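Biologist: I would like a close look at a single part of this model. Please keep to what can be computed from the atoms.

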Amino acid sequence: MDKVTRLASEKGVVLFSKSSCCMCYAVKILFQELGVSPIVHELDQDPEGWEMEKALMRLGYNGPVPVIFIGGKLVGSTNEIMSLHLSRGLMPMLKPYQTLC
């Protein structure tokens, strides 16, 4: 659990993902289009991936991947990110982490 907590706060935007997940891919592309480069941890490619998934559940997240943290805080998954984006709530959260073009 300590590892997940540390990883979740290592950069402004952190994604716990699976390389074969189409929803994870969609969120990665959305962030890219919004000028944000998240740190991505592919749970299916990490030897400790299963342990990290269990730790995410202990942190209170029981949904599917991706699991997104912004500013070290658990935001949720694809549904939460897309809802925030459509309601114009995502950009203010991401503004400090956008890269300059």
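What do the buried residues of α3 pack against?

Modeller: This is a predicted model, in which local features need pLDDT of at least 70 and side-chain atom pairs count only at pLDDT 80 or more, while totals for chains, interfaces and linings use all residues. Residues are numbered from 1 along each chain as its sequence is written, and side-chain values use heavy atoms, with hydrogens and water left out.

The buried residues of α3 pack against α1 (2-8), β1 (13-17) and β3 (67-70); contact means heavy atoms within 4.5 Å. Helices (H or I, at least four residues) and strands (E, at least two) are DSSP runs, numbered from the N terminus. Helix α3 itself covers residues 49-58, and its buried residues are G49, M52, E53, A55 and L56. Those residues lie on the same side of α3 because they cover an arc of only 160° around the axis, the arc being that of the directions from the helix axis to the C-beta atoms. In general, an α-helix has 3.6 residues a turn, so residues three or four places apart point the same way. W50 and R58, on the other side of α3, are exposed. Buried means under 20% relative accessible area and exposed over 50%, with partly exposed in between (1.4 Å probe, protein chains only). Just after α3, G60 has a positive phi of about 110°.

Two of the α3 partners, β1 and β3, belong to an open sheet of four strands with mixed pairing and the order β2-β1-β3-β4. Its edge strands, β2 (39-42) and β4 (73-76), each pair on one side only; two strands pair if DSSP finds at least two bridges between them.
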